[in-house]
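Please look at the sequence and the structure shown here before reading on. The report that follows takes up a few parts of the model in turn.

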Amino acid sequence: TPLVGVLALQGDVREHQAMLERSGARTLAVRRPTELAEVDGIVIPGGESTTMSKLARTFEILDPLREAVHGGGLPAFGTCAGMIMLAEHIEGGVTGQETVGGIDVVVRRNAFGRQVDSFEADLDVAGFDAKFHAMFIRAPWVEKVGQSVEVVARVAGVRGGVRPEAVGRIVAVRQGSLLATSFHPEITGDHRIHGLFVDMVRAAREQSSKRK
Ligand code: GLN
C-alpha cells in the first residue's frame, strides 16, 4: 500500500487524507523533510499560495520539495493554491513568489475574478465515465500548457449560468507523475481524482522498483 503525504502547512489536510484513504492509500501529514523522505507521493492542498510558500520556507521544506519533485521524481498533486505551487510560471503572483514548480504551465492566480470568488461546475474529466462536480474557491486557471502537459479537464459551463470568461478554461492538468487541479476535489465526497493520483503513485512505485 502506498504512503501518500499531505503537506500540512495550510488547507484541508484531513479532508485530503480521508479521500486518499478511501482510494486505498495510507497517509501522513508532512511538515518536515524527514516526513517527506518517507512518502511515495505528496498532495499540496489549497489555501493561499504566497502564505504557503513562506510557510514552506520557514519549515525548511521548500527546497526538499523541489528536490523530491524535480530530481527524485516524487509524484505530486496540487489543488488550487497547490496547483500554483506546482506551476513553472505564475501570472498575478506577488514579486518573488516562490514555488516548487515541475508542471510546464502558466497559471493565473484568482483568475475567475472577484465577483465570483467561488462557483461550482460539472466537469468532464479525461478517463472518467461520469461528470465530476467541482468546487472552485478563488481559483486559478491554466493559461498556457507546454508540449508535455496533458489537459485533464476544462470548464464547460457553470451552475446557475454560463459565465463566458470561464468557459473553456483549463482547470486540471497532468505532466508525468504530477497532477494539478484548480478546484478542491477533497470537499465534494467524490474521491475519483484522489484515486487517479493514488494510481499514479502506484505506477511510479512499480517503475522505480523495476529499475532497482
Ligand atoms: N487564491 C489563492 C492563491 O492565490 C488560492 C485559493 C485556494 O487555494 N482556494 O493562492
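## Terms and source

Helices and strands are DSSP runs numbered from the N terminus, where a helix is of type H or I with at least four residues and a strand is of type E with at least two. Two strands pair if DSSP finds at least two bridges between them.

This is a predicted model, in which local features need pLDDT of at least 70 and side-chain atom pairs count only at pLDDT 80 or more, while totals for chains, interfaces and linings use all residues. Residues are numbered from 1 along each chain as its sequence is written.

## Paired strands

Strand E11 (residues 170-175) pairs in the antiparallel sense with strand E10 (residues 150-154), over four bridges, and in this pairing Glu150 is set opposite Arg174 of E11. E11 also pairs with strand E12 (residues 178-181), again antiparallel and over four bridges, with Val173 having Ala180 of E12 as its bridge partner. The hairpin of E11 and E12 has two residues between the strands, and there Gly176 takes a positive phi near 60°.

## Two residues with positive phi

Most residues other than glycine have a negative phi. Glu60, although not a glycine, has a positive phi of about 55°, and it sits in the loop between helix H3 (49-58) and helix H4 (62-71). A residue is called buried if 20 or more other C-beta atoms lie within 10 Å of its own, exposed if 12 or fewer do, and partly exposed in between, with C-beta atoms placed from the backbone. Glu60 counts as exposed because it has 11 C-beta neighbours inside 10 Å.

Asn110, which is not a glycine either, has a positive phi of about 45°, and its place is the loop between strand E6 (103-108) and strand E7 (118-125). Asn110 counts as partly exposed, because 15 C-beta neighbours lie inside 10 Å.

## Around the ligand

Which residues surround the ligand? The shell (residues whose C-beta atom, placed from the backbone, lies within 6 Å of the molecule) consists of Gly46, Gly47, Glu48, Ser49, Cys80, Ala81, Ile84, Arg109, Asn110, Ile137 and Arg138. These divide into four nonpolar, four polar and three charged residues, where Ala, Val, Leu, Ile, Met, Phe, Trp, Tyr, Cys and Pro count as nonpolar, Asp, Glu, Lys and Arg as charged, and the others, Gly among them, as polar.

An unreviewed UniProt entry places the feature "binding site" at Gly47, Glu48, Ser49, Arg109, Ile137 and Arg138. Although these positions are spread over 92 residues of sequence, they cluster in space, with a largest C-alpha distance of 12.9 Å. UniProt positions are given in the numbering used here, feature names are shortened, and annotations may be inferred rather than shown by experiment.

Gly47 lies in the loop between strand E3 (41-44) and H3, and it is buried because 22 other C-beta atoms lie within 10 Å. Ile137, in strand E8 (residues 132-137), is partly exposed, because it has 17 C-beta neighbours inside 10 Å. Two residues are in contact if their C-beta atoms, placed from the backbone, lie within 7 Å. Leaving aside residues up to four places away in sequence, Ile137 touches Gly46, Cys80, Asp117, Ser118 and His184.

## The nonpolar core

A nonpolar core is a set of buried Ala, Val, Leu, Ile, Met, Phe, Trp, Tyr and Cys residues joined through C-beta atoms within 7 Å. In the largest one, which has 64 residues, Ile42 and Leu86 touch the most other members, and the largest share, six residues, comes from helix H6 (residues 192-211).
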